[in-house]
Amino acid sequence: MCDAMRDKIAALLQDSVRAPAHTDTTNKLQSAVLDFSDEGGAREGGLVWRGCSGGCDTEDGTAGTLSDGNLNPGDKLEGSDAATDDPVHLKRRVGLFSGVALIVGTMIGSGIFVSPSGLLERTGSVGISFIIWMACGLLSLLGALAYAELGTMNTSSGAEYAYFMDAFGGPPAFLFSWVSTLVLKPSQMAIICLSFAKYAVEPFVSECEPPDALVKLVAVISIVMILAVNCYSVNLATNVQNIFTAAKLVAIAIIVCGGAYKLILGNTRHLQEPNFASSTATLGNIATAFYTGLWAYDGWNNLNYVTEEIKNPSRNLPLSIIIGIPLVTLCYALVNVSYLAVMSVSEMADSEAVAVTFGNRLLGPMAWLMPLAVTISTFGSANGTLFVAGRLCFAASREGHLLDILSYVHVRRFTPAPGLIFHSLIAVAMVLYGTIDSLIDFFSFTAWIFYGGAMVALIVMRYTKPHAPRPYKVPIIIPYIVLVVSSYLVVAPILDKPQWEYLYATAFILGGLLVYLPFVKWGYSLPFMDKITVFLQMVLEVVPTSTTFEY
């Protein structure tokens with residue numbers, strides 16, 4: 001039965017992949033389907049390369065992995081996954097405009113439309129809250145510039161996962177994929193889709209609050225729609241991202257123009273008194289206020305998750321960051337000023353959806369534009385979130401740190417469909433379970449542990465890999481600044497208000513080692529997984545890429 005399935009997969013792959021029919025390529029093709037034994041594979045350091053028969057060239061290691069030495073930067077930028085004669089790999093289809101749209105589209109979600117009042121509640125001051133908004137933008141830009149150096153050094157998808165593998169090895173990289181794959185990325189998408197569902201159903205219900213079951217149903221439907229888009233085509237997913245990013249920028253322009261109109265009329269009284277003296281902010285409150293602001297900026301590192309699919313990454317990755325993040329910061333600053341031109345501080349603090357209140361005050365019969373803007377913004381943000389989450393799953397499983405099937409790519413559409421489906425299933429479970437807000441609250445500091453870890457990785461590789469190609473190089477002071485700030489964001493809330501949830505989150509992170517040791521380090525595998533993998537290959541029409549390997 002298993003052999004028959006393998007033969008069908010080989011026939012399907014050979015019929016569907018449009019590649020030159022060279023003999024060596026055909027041999028690679030046949031051995032790329034499934035190789036559960038150690039025979040017929042090229043072994044290096046205990047690794048069995050699935051996409052390579054014993055006699056083919058394995059190049060110099062994993063795709064995009066750095067090797068020290070005086071190399072021509074152009075030799076490694078594309079990575080071995082982008083070789084033109086490789087029949088199955090992720091295609092480079094993300095250009096500069098799509099890169100900017102991915103950054104802007106995932107950063108601008110529901111936060112700026114729904115909850116700018118969170119900063120006011122935690123700081124008690126218009127002036128301090130505005131400073132924190134700008135500081136969050138600056139911190140995101142500095143972090144993204146450091147990530148640009150890492151992303152042009154190693155053009156493998158996976159962002160922090162790939163950088164931890166280069167700098168520290170397997171265990172830290174596995175712990176990152178463990179937390180991000182099971183909690184951070186799915187819960188982020190679940191919250192965004194719940195926000196989308198709430199504002200999508202609100203105009204159609206007569207009650208003050210839409211029914212919880214209806215909101216969850218619409219959220220699940222939105223996840224399925226976004227999954228279908230991302231599985232069907234990378235081009236379709238990026239086009240959707242481009243369109244929704246443009247739409248949300250139009251919505252922001254409406255808010256800014258409305259605020260400018262009020263300011264021209266002289267409505268500046270809420271902006272004239274910054275109230276620094278009346279601030280109730282403490283050390284811990286400022287850190288949690290940063291969490292609120294940084295949630296609105298979240299997504300600044302998302303382009304690094306898809307570097308294998310970026311055209312000319314040495315140019316377009318840093319350029320997309322330099323264009324996208326300042327654009328978002330400018331939008332957030334203008335939107336906050338516009339809100340205060342129409343509403344008082346107390347009105348903003350009491351509003352559950354500031355943009356909706358703004359629309360009701362200013363737009364009159366066109367007030368429905370603001371709920372529509374929130375739905376458009378959240379749908380686009382969810383699309384970008386799933387787009388990058390699937391690539392993290394793909395990168396980690398390709399290294400043997402997750403199930404093999406999650407690293408496979410569709411034979412015709414070249415999308416990491418299993419990874420996308422896996423993330424979507426977890427997000428649906430979180431939506432139905434309905435208690436994910438606390439997960440975000442207490443795992444936000446976890447995300448900054450890994451952001452700080454990426455800065456340590458950059459600093460370490462400045463010394464351990466001094467001659468590695470660096471098409472883009474940041475001043476060394478930048479990763480140190482981001483490392484200090486991330487350490488503060490992790491430690492300050494714990495010292496200010498210790499809670500058991502922080503301990504639970506830390507235990508969950510370290511608990512990943514209980515999975516890493518038997519299944520990754522010692523190579524234990526469940527006996528029935530081979531048959532499940534072959535069955536899923538048949539159902540999903542997916543195969544390994546040429547760089548998939550196992551321990």
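A residue counts as buried when its relative accessible area is under 20%. L227 has a relative accessible area of 16%, so L227 is buried. Keep that cut-off in mind as you look around this predicted model, since T375, at 9%, is buried too.

**The protein as a whole**

- The secondary structure comes to 22 helices and five strands.
- The protein has 551 residues, and 57% of them count as buried.
- If you take the contacts between residues at least 6 apart in sequence, 81% of them join residues at least 24 apart.

**Helices α11 and α13**

- Two packed helices are described by the angle between their axes and the distance between the axes.
- For helix α11 (residues 234-264) and helix α13 (residues 313-342), the axes come within 8 Å and cross at roughly 45°.
- Because of that angle, α11 is oblique to α13.
- The crossing of these two helices, α11 and α13, is left-handed.
- On the α11 side, the contact is made by L249, I252, I255, V256, G259, K262 and L263.
- On the α13 side, the residues are C331, L334, V335, V337, S338, Y339, A341 and V342.

**L227 in helix α10**

- You will find L227 in helix α10, which spans residues 212-232.
- What does L227 touch, not counting residues up to four places away in sequence? The partners are L386, L420, I421 and S424.
- L227 and A382 are 155 residues apart in sequence, while their C-alpha atoms are 10.0 Å apart in space.

**T375 in helix α16**

- T375 sits in helix α16, which covers residues 369-398.
- Is T375 buried or exposed? With a relative accessible area of 9%, T375 is buried, because the cut-off for buried is under 20%.
- Leaving aside neighbours within four places in sequence, T375 is in contact with F196, Y199 and A200.

Conventions: Residues numbered from 1 in each chain as written. Predicted model: local features only at pLDDT ≥ 70, side-chain atom pairs only at ≥ 80, totals over all residues. Heavy atoms only, no water. Axes fitted to C-alpha atoms, helices over the stretch in contact; angles between N-to-C directions. Helix = DSSP H or I, 4+ residues; strand = E, 2+ residues; numbered from the N terminus. Parallel < 35°, antiparallel > 145°, perpendicular 65-115°, else oblique. Left-handed = near helix turned anticlockwise from the far one by under 90°. Contact = heavy atoms within 4.5 Å. Buried < 20%, exposed > 50% of the residue type's maximum accessible area, 1.4 Å probe, protein only.
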